[in-house]
Amino acid sequence: MLSSVRGSSRLLRSCLTSLERAPSSFSPLPSTPRALLQVPHRNTYVTAIWKNTKNTEAEAAYSRTENIFKTYKPVTPGLRHLRRPLTPHLYEGRPVRLLTVAKRKKGGRNADGHITVRHRGGGHRQRIRTLDFKRMAPGVHDVVRIEYDPGRSAHIALLCNRDEKAEGLAKWSYIIATEGMRAGDQVQSFRQGIPEGFIPGFELPSEELEGEGKNGGEESSSSHSLALGILRSMTLKPGNVLPLKLIPPGTVINSVSLKPEGPALLVRSAGTFAQVVSHEEGGKYTHVRLQSGEVRKVLKECCATVGKVSNPLWKNRSLGKAGRRRWLGWRPAVRGVAMNACDHPHGGGRGKSKSNKHPVSIWGWGTKGTRTRKPGPKGPKNSNKMVVRERPRGKEKRS
């Protein structure tokens, strides 16, 4: 078989060489078969359409996921399901040493050596970043870079104070980065009030800016509304800190404080945000809708940061393997059904059964939907006067 194939190839080669040596008048076709090979292929209308058609929907979805997440070639089982948000804007170096503190781990144990917080222990060495949750320093601050913080899900931003007299901790500070914040941006804190001469051409006190401006007639109301519009356009920028009384309803905020001089306590996790619902007329509270859907009263003098918290894709990441979770300092969680009866209410028995018991925690209180606390208006008297509307649960949440 092989010899016949070789012979046929030799015969074809000899025919080609004889045709090349023959005169051009011998064949009515083009001069040589090589010329036939060099003739360009003529594209028909159908082939042109086929080449230009693309599955735009599939390509758009693929490019969208490619631009958002970073996946890896499954060289190892741990890389197969690993998925991380793309963060090319993060600084790859080390943090500012002055703004960090060594983290001493206790493995979830108290002074007596008893485990009070389960599933903690091990993990890589970390340093705690000290963040400025009060932002009392006025003036313009420049965003030097956006960094990763191992102690929280959101990203942090390194700020530099423009004040020439500021040194050390007064010059450098970390804050929670808002969505879209990048190196080179400028942020400002108005926690101590609007500085004099901030609005060019308007020398109105803060009380008049915050009021309705109806006492001085049409001229004063028009000047008040104009000054208020200019003030909002100059102050309502992502990353700026403002008292709630100067933030209009509907604005998205984060890092909300509960005391006029206290630090930011609410809405600090990655991708979270709150919204200003309304201001009480003649009252001292502002209604704020939190991330859970709860509407809560907060003092108007309390401050908040404009915008959403950064790193919203953090909840869609996939660690890929159990070891990566151990690196973060989390130990395994064992099911109660797999324990002995002395270790968990679901333990013991024969096989995978919790013996017709309602799902409870290791300490015995109900879990998976059982309400153990009634805060807000439906709860005990004076339990939480600040809650206007509780967060939605059950059918209300699903609808």
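1. Two strands are taken to pair if DSSP finds at least two bridges between them, and strands (E, at least two residues) and helices (H or I, at least four) are themselves DSSP runs, numbered from the N terminus. On that basis, strand E14 and strand E15 (residues 295-299) run antiparallel and are joined by 5 bridges, with His287 standing opposite Lys297 in E15. These two strands form a hairpin with 5 residues between them, and Gly293 in the turn has a positive phi of about 100 degrees.

2. This is a predicted model, in which local features need pLDDT of at least 70 and side-chain atom pairs count only at pLDDT 80 or more, while totals for chains, interfaces and linings use all residues. Residues are numbered from 1 along each chain as its sequence is written, and side-chain values use heavy atoms, with hydrogens and water left out.

3. E14 also pairs with strand E13 (residues 274-279), in the antiparallel sense and over 4 bridges, and Val288 of E14 is the bridge partner of Val276. E13 and E14 form a hairpin with 5 residues between them, where Gly282 in the turn has a positive phi of about 75 degrees. Because 4 of the 5 residues of E14 (residues 285-289) are buried, this strand is largely enclosed by the rest of the structure; buried means under 20% relative accessible area, exposed over 50%, and partly exposed in between (1.4 Å probe, protein chains only).

4. Pro392 is found in the loop between E17 and helix H9 (395-398) and is partly exposed, with a relative accessible area of 22%. Leaving aside residues up to four places away in sequence, Pro392 touches Ser292, Gly293 and Lys397, where contact means heavy atoms within 4.5 Å. The C-alpha atoms of Pro392 and Glu294 are separated by 7.4 Å, although these residues lie 98 residues apart along the chain.

5. Leu328, in the loop between helix H8 (322-327) and strand E17 (387-389), counts as partly exposed at 39% relative accessibility.
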